Amino acid sequence: MSCLECKNASPDVLSFKVLEVHTLHIRDFSGERIIQALGGFQDYEICTACASKEVQTVLLPTKRIITKCLPFFMLVILGMILSLTLTFRDVITALKALGPIALAAGVSGIFGKVNEILNGRRKLITMNPEEALKYSAYQLGIKNAPKKYGDNDLTYIPVNEETLNLSAEELSSKFNLLRSIAAQAYAKLEAHRKIFTHTQRKD
């Protein structure tokens, strides 16, 4: 199996298992509702080189902040131009009114992205190097894993110590699952929960 990030085969990889969740959004006159179903377990791999690079990118986030925020900077500039320079009437006046909206959206987007990136950094610096590498590998894997299956959105439940210790209600809250699907996920994870418990007892 090749690395999901660089697509190269590598003997030095970090593997992780996830449980697929299929979500179909249905919109009709009554509003929006969702239909969910569980998929199968999937195994993914990220090479340690890509995981290490991701750790450094998260810990030194300047380049990522600039890249992620660039569209919002452009929106801020557009908002300033529309707000300050257009003086024509009628249609142009309507465009000028969009200036503050674009400006507010751009500033809000910048703050949101910067906060998201810095929160990731804060989380990573609390981990030891091994944990940080595994966490970064998982984040890269989820970023590169398929997002759609037909009309269904694909999301993933990681099969790890934290998730295996969650109740069905906690699974529902953490992964935005319908209660019935959370109960099915809890049951489906039972075999892995037993393996993990047995391993812990041996240790």
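Which element provides the largest share of the lining of the second largest pocket?

1. The model is predicted. In the second largest pocket, α1 supplies the largest share of the lining, with 4 residues. Two or more lining residues come from each of α1 (48–59), α2 (62–84) and α4.

2. The volume of the second largest pocket is about 260 Å³. Its lining consists of E5, C50, K53, E54, T57, L60, K63, R64, T67, L140 and K143. By class, 6 of these residues are charged, 3 nonpolar and 2 polar.

3. The largest pocket holds about 1,700 Å³ of space. Among its 43 lining residues, K134, Y135, S136, Y138 and Q139 are the closest to the centre. Helix α4 (residues 129–144) contributes the most to this lining, namely 11 residues. The lining comprises 19 nonpolar, 15 charged and 9 polar residues.

4. The model contains an open sheet of 4 strands in the order β2-β1-β4-β3, paired in antiparallel fashion. Its edge strands, β2 (31–47) and β3 (148–149), each pair on one side only. Strand β1 (residues 13–28) and strand β4 (residues 152–158) run antiparallel and are joined by 6 bridges. V21 is placed opposite T155 in β4.

5. Helix α4 packs on the sheet through contacts with β1, β2 and β4, and its direction makes about 40 degrees with that of β1. Helix α7 (residues 179–188) lies across β1, β2 and β4 and runs at about 25 degrees to β2.

Terms used
Residues are numbered from 1 along each chain as its sequence is written. This is a predicted model: local features need pLDDT of at least 70, side-chain atom pairs count only at pLDDT 80 or more; totals for chains, interfaces and linings use all residues. Side-chain values use heavy atoms; hydrogens and water are left out. On a 1 Å grid over the protein atoms alone, a cavity is a set of points where a 1.4 Å probe fits but cannot get out, and a pocket is an open set with protein on both sides within 12 Å along at least five of seven lines; lining residues have an atom within 4 Å of a point. Grid points are joined across faces, edges and corners, and a volume is the space filled by probe spheres set on the points. Ala, Val, Leu, Ile, Met, Phe, Trp, Tyr, Cys and Pro count as nonpolar, Asp, Glu, Lys and Arg as charged, and the others, Gly among them, as polar. Two strands pair if DSSP finds at least two bridges between them. Contact means heavy atoms within 4.5 Å. Axes are lines fitted to C-alpha atoms, for helices over the stretch in contact, and angles run from 0 to 180 degrees between N-to-C directions.
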